[in-house]
Structures are given as structure tokens and as C-alpha cells.
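Please look over the interface between the two chains shown below.

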Protein chains: 2
Amino acid sequence: MLPRSVEKFIEVFSKLPSLGPRLATRLAFYLLGGDRTTLKGLSEALQDIQSLDRCPQCFFIKENSRDLCPVCSDKERNNGVVAIVEKETDLIALEKTGRFRGNYLILGDLPERGVLESGQKLRLQSLKERVKKDHDGKIKEIVVAVSPNSFGDFMVESIRQEFKDLTEKVTRLGRGIPTGGEIEFADEETLGQALERRV
Amino acid sequence: MLPRSVEKFIEVFSKLPSLGPRLATRLAFYLLGGDRTTLKGLSEALQDIQSLDRCPQCFFIKENSRDLCPVCSDKERNNGVVAIVEKETDLIALEKTGRFRGNYLILGDLPERGVLESGQKLRLQSLKERVKKDHDGKIKEIVVAVSPNSFGDFMVESIRQEFKDLTEKVTRLGRGIPTGGEIEFADEETLGQALERRV
């Protein structure tokens, strides 16, 4: 009953994360009901991001007219400190704190089984080569800024092994009660860590 | 820090219903992280629906190569019965039941104050003219299939007034306990209606 193009729209949009067929249908009719400016704006936005590529150093997205992303090309930053994160959005979250002035390496989501994919291994390899080439074989610090769970713990150990001659230290993010969090509702592990790491 | 095109993407997508900046950001990186086929598919889907227009009779969307939508052009249907609905998705929901074989008029979301907008008045006017022209001035039934609330009640009364010489009857959807619903949790109004309309 629906025009083929609307069915197609619902099909492709419902595959996006957090969308699903119901919301995709709603979106379709929202767009068809509004003026064509919104529809055109979305269409252009989708086209414009198609020309982006990745920073060869940290693997964050960048304009393809530039060699490096804004973080890696910023000479003011301390490139002897590298934070390894899973996702672009983790990098953005760390940048928003304004408290980290090092560089990054985006690794991609850690696989559930803990074994890195070949693409992720290549990214770590590229960091090793960069350390050897640009830093006389040793940087100051690697911050493994991955989410604190068993995969994350495993990851920290792997990095510690793999980079043992290439960095002075491997650190991870502090663990404890989040700001605004309530002690009463903190799980035992978090509370235990908060006790051990009290300041 | 983000490329301009990504900021633009987040800006336009976060204005869509149920999306917001957080999900729009997640979508952007999801699309940038995946292969370009998804991105292209979405872009094409958005372009393809731009050429759709509205059925001049019921105001449902239709291919612009056709004169009427599939429902209105279906000769097997009883066009002496017209269901007035608010949204396209309401029409789809009614069609899915397979139990309505009449035609439709999509009115658009009822305004909160109960006063119809000029576009909605024009749609009702077009139905009146159709009744006069194609049905010798009278159809069998108008089903006011709007959500059961005070605006809906008001709407039913307006339609009853406006079409009093143009339709044999004006009906509305039955009210009562939804299938699978529990009597214990039904609100008083619903339960009252269910009692009054017991079958």
C-alpha cells in the first residue's frame, strides 16, 4: 500500500542503531509531512559526510583536504602521551573535559571475546612504529581509556605487555563513585575501588 | 574539533522527532564507521521520497506518476464510507486490521485548542464537495477514527454538525478494554465506556 520509495526508506532507516521500523515509519511521515527543506537538509548532510576520511595517526575522522585531524596537527599538545580509546565518541567525551592535552589512538569497539581484530592490531602496530620513529623508541605514557569491565582489564594487560619497552608507563582512568553518584547505590566493585583509591 | 560536515549532520538529524543530539552523534559515527553502502542507501532513500506527493482525494502520500493513491483508486472498495483519521500512520494501522473497506480522509494532527487549521478545513471542504459531486449529496457513513480524548470528542461533534445533511450517520471507533488489557489497570473512563458498550 505504501509507495515503494517509502518502504525502502523504512527498510534502510530501521536498520540504524536505536531506530527500528516503528520510528523509521514515523520519521518517513514526519519528513513527508514537513516542508521539503528538512528533507533536503538531511540529504545534503548525508552526502557531505561521505567525503570524510580518517586521520592516519589517531584514526579519528577528518576532512579529506587535511593530512591530520585537528588534535594530531595541534603542535601545542603533548604527543608523548597517548590515550587509547574505543570510540570516536569517547575521544569527544575526553576532549570535553579539557583536562587531557595528549594525543589519541582510536581502537574501535573491543570485541566481546577480548581478541583484537586484525584492523585493531594494525592500529596498535602503527602506534608502535610512530613511537619508534618520532620518539626515539619511548613515549612518556599510554592512558588506556577503555570502559572499566573485564575486557577493559584484559586490554590494559595486553597493552602493558606489548608496549613494555615503548612507554615509561601504562595508566588507566581512575575508578570510583561518579560525581553526583550515591554511595548507597554504588555496586560493591565500584565502592571497593573507590575505597582502595581514596585520595 | 569535529569536521564541519559532521556538526551539520548532528545539527539536522538531532531536530528529528525522538532523535536529539546524543543519538544523532551516535548515528554520525555509526555511519562513518560502517561501509559507504549504508550511507549511500540512506542518501538515496531520502532523495527518492522527495518526489512523492499527496493523493488529492484522501491526502495520503502517493507516487507522483499516479492520479490517486492505491486505496482511492481501488474500485472494489466502498467509497460511500469514509474514515477521517489524523495521521498517515493511523490509516496504515486501520488498513492492517483488514476490516475496513471504505475510503479515508487524512486530516492531520488535531490542534491542541480544538480549532481546525485552515488546511484541515480545506480537506473537510474537499470531502463535502466530493460527496455532493460523486454521491448525489449523501454518503452512507463517516467514521471519525481519531484518538479518544476531549479533542476527539469535540471533533466528532463538529463533523456531526458539518456533515449532517451529507451522511446518513457519523460513527466513531468503539471504546473499551484493549485486547490483552487488564480490567484491574483500566482507568475509570475506559472501564465505564466498556460497561456502557458491553456486547
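Predicted model: local features only at pLDDT ≥ 70, side-chain atom pairs only at ≥ 80, totals over all residues.

**Interface of chain A and chain B**

Residues are numbered from 1 along each chain as its sequence is written, chains are lettered from A in the order in which they are written, and side-chain values use heavy atoms, with hydrogens and water left out.

Polar contacts and elements
- Between chain A and chain B, 10 residue pairs are in polar contact, both residues at pLDDT 80 or more (a pair of N or O atoms within 3.5 Å; within protein, one must be able to donate a hydrogen and the other to accept it, and residues adjacent in sequence count only if both atoms are side-chain atoms).
- On the side of chain A that touches chain B, α3(A) gives the most, with 11 residues (helices are DSSP runs of H or I, at least four residues, numbered from the N terminus).

Extent
- Chain A and chain B each bring 49 residues to the contact (heavy atoms within 4.5 Å).
- About 4,400 Å² is buried between chain A and chain B, with 76% from carbon and sulfur atoms (accessible area, 1.4 Å probe, that two parts lose on being put together, summed over both).
- A:Met1, A:Leu46 and A:Ile49 lose the most area in chain A to chain B, together 15% of what that side buries.

A loop residue
- B:Asp136 lies in the loop between α5 (118-134) and β5 (139-144) of chain B (strands are DSSP runs of E, at least two residues).
- B:Asp136 is 30 residues from B:Leu166 in sequence and 9.2 Å from B:Leu166 in space, C-alpha to C-alpha.
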